[in-house]
Amino acid sequence: MNGHFDDYSPRLAALCQNLKSRSDRWRSVDDWPAESLALCGEADLYRWFHEARWGGWEWAEADVIRGYLQLSAACLNTTFIITQRTAACLRLERSENEAAKQRWLPDLVAGHSFATVGISHLTTSRQHLAPVMKAERDGTGFRLTGSSPWVTGAAHATMIVTGATLDDGTQILVTLPTDRPGVSVPRPLDLIGLSASATGSVACEQVRIEADEVLFGPLPQVMQAGAGGGTGGLQTSTLALGLSRAALDLVADEARRREPLQPISETFERRWEGAVEHLLGAAREPGSRDLAEIRREANDLVLQSTQAALAAAKGTGYVAGHGAGKWAVEALFFLVWSCPFGVIQSHLCDWSAAPTIVND
Ligand SMILES: Cc1cc2nc3c(=O)[nH]c(=O)nc-3n(C[C@H](O)[C@H](O)[C@H](O)COP(=O)(O)OP(=O)(O)OC[C@H]3O[C@@H](n4cnc5c(N)ncnc54)[C@H](O)[C@@H]3O)c2cc1C
């Protein structure tokens, strides 16, 4: 048992080394990182996030952040998948649905099965359109019809936490077993980065959901009413800073041999340390920091440091398969992954030099 971060550190270092040495293999939608995820299970990583009653270690958020920083520097693809799995599990854990918890959590926390989350259509995706996943009452349960546009690793999951909107505008959040009649998972999308996260849509055609599979709702805005969600949490900023760490290690390595790069590397290092300090401060004292500011700096750092790594690696870094080019593309993910609109506005004003904020 390594239930505390400091005791666990040597295991984490060994795990990260293993994840890093495999990370180049996870490139296309056909390269699901089963081996890396299994290594995480063997290292008891899934226990970090959960209550002791499910076999978890109940790590403090600051410790989870310290862990995620190292994992995402080693392999962003695998770490991102873990965040989606954890998002599903934590919603399950926070619900009052004891039957659903008993059914899914013990295996998930032990790393014996994989679950994921398809909730963007309730939060950040398709918000300007009519609901894309609808629910109708069916006796004591519901029937779901429609699709969830973005679900990471759906084809590898036994269960998806997803949501749907009823005719009266209220919403439910449910556990959707992927083998339920009416559920289909098309081939994942080819993405410019993180394709091996096997992300794509999940379709439902008159899928029966039992009453004891409802985690939250029906409620107006179910994601704001206990189910958590929305944008602007610390996890996205953490993964951005983790990827930035990988890029800055390359810059530092080049700077050791090239004197003009030294002040660049040192300045980046100071900014990175400052950003991590803010991040950990926000985790230790909730409400003490501006989360949008943290995300904005994390985004700036990941975009700028990965480009600095590419510039330092020169043409060699532009050859397919080199880390610098891969990281520069992966960094763009942070512009589209749960990014609060205020942060996007601030980037857009910065890049365009527009004097005013544009409303969406
Ligand atoms: C690699 C990856 C993995 C992901 N994994 C998951 C996951 O596992 N689970 C999950 O829940 N989510 C996931 N997401 C979803 C993510 O968090 C965001 O919800 C998603 O990036 C939002 O993008 P969208 O194109 O769907 O947005 P939308 O807002 O639907 O935009 C789509 C298009 O609509 C148009 N548009 C946008 N806004 C307006 C407007 N106001 N008026 C008119 N037209 C407009 C634009 O042309 C835009 O290109 C993932 C995303 C990515 C990229």
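Predicted model: local features only at pLDDT ≥ 70, side-chain atom pairs only at ≥ 80, totals over all residues.
Reader: Let's start with the ligand. Which residues come nearest?

Author: Ser120, Thr124, Ser125, Trp150 and Thr152 do, out of 23 residues around the ligand.

Reader: And which elements give two or more residues to that shell?

Author: Two strands do: S1, residues 115-118, and S3, residues 141-152.

Reader: Which of them gives the most?

Author: S3, which puts four residues into the shell around the ligand.

Reader: Which domains does the shell draw at least three residues from?

Author: Domain 2 (120-224) and domain 3 (234-347) each supply at least three.

Reader: How does the shell split into nonpolar, polar and charged?

Author: Twelve of its residues are polar, nine are nonpolar and two are charged.

Reader: OK, switching to helices. At what angle do H7 and H8 pack?

Author: About 160 degrees, and their axes are 10 Å apart. H7 covers residues 234-257 and H8 covers 262-284. Since angles over 145 degrees count as roughly antiparallel, that angle makes H7 roughly antiparallel to H8.

Reader: Left-handed or right-handed crossing?

Author: H7 and H8 cross in a left-handed way.

Reader: Which residues meet there?

Author: From H7, the residues include Leu234, Leu241, Arg245, Leu248 and Val251. On the H8 side, they include Ile264, Phe268, Glu269, Trp272, Val276 and Leu279.

Reader: How does that contact divide by class?

Author: The contact of H7 with H8 has 14 nonpolar residues, five polar ones and two charged ones.

Key
Residues numbered from 1 in each chain as written. Near = placed C-beta within 6 Å. Nonpolar A, V, L, I, M, F, W, Y, C, P; charged D, E, K, R; others polar. Domains from an automatic or database assignment. Axes fitted to C-alpha atoms, helices over the stretch in contact; angles between N-to-C directions. Parallel < 35°, antiparallel > 145°, perpendicular 65-115°, else oblique. Left-handed = near helix turned anticlockwise from the far one by under 90°. Contact = placed C-beta atoms within 7 Å.
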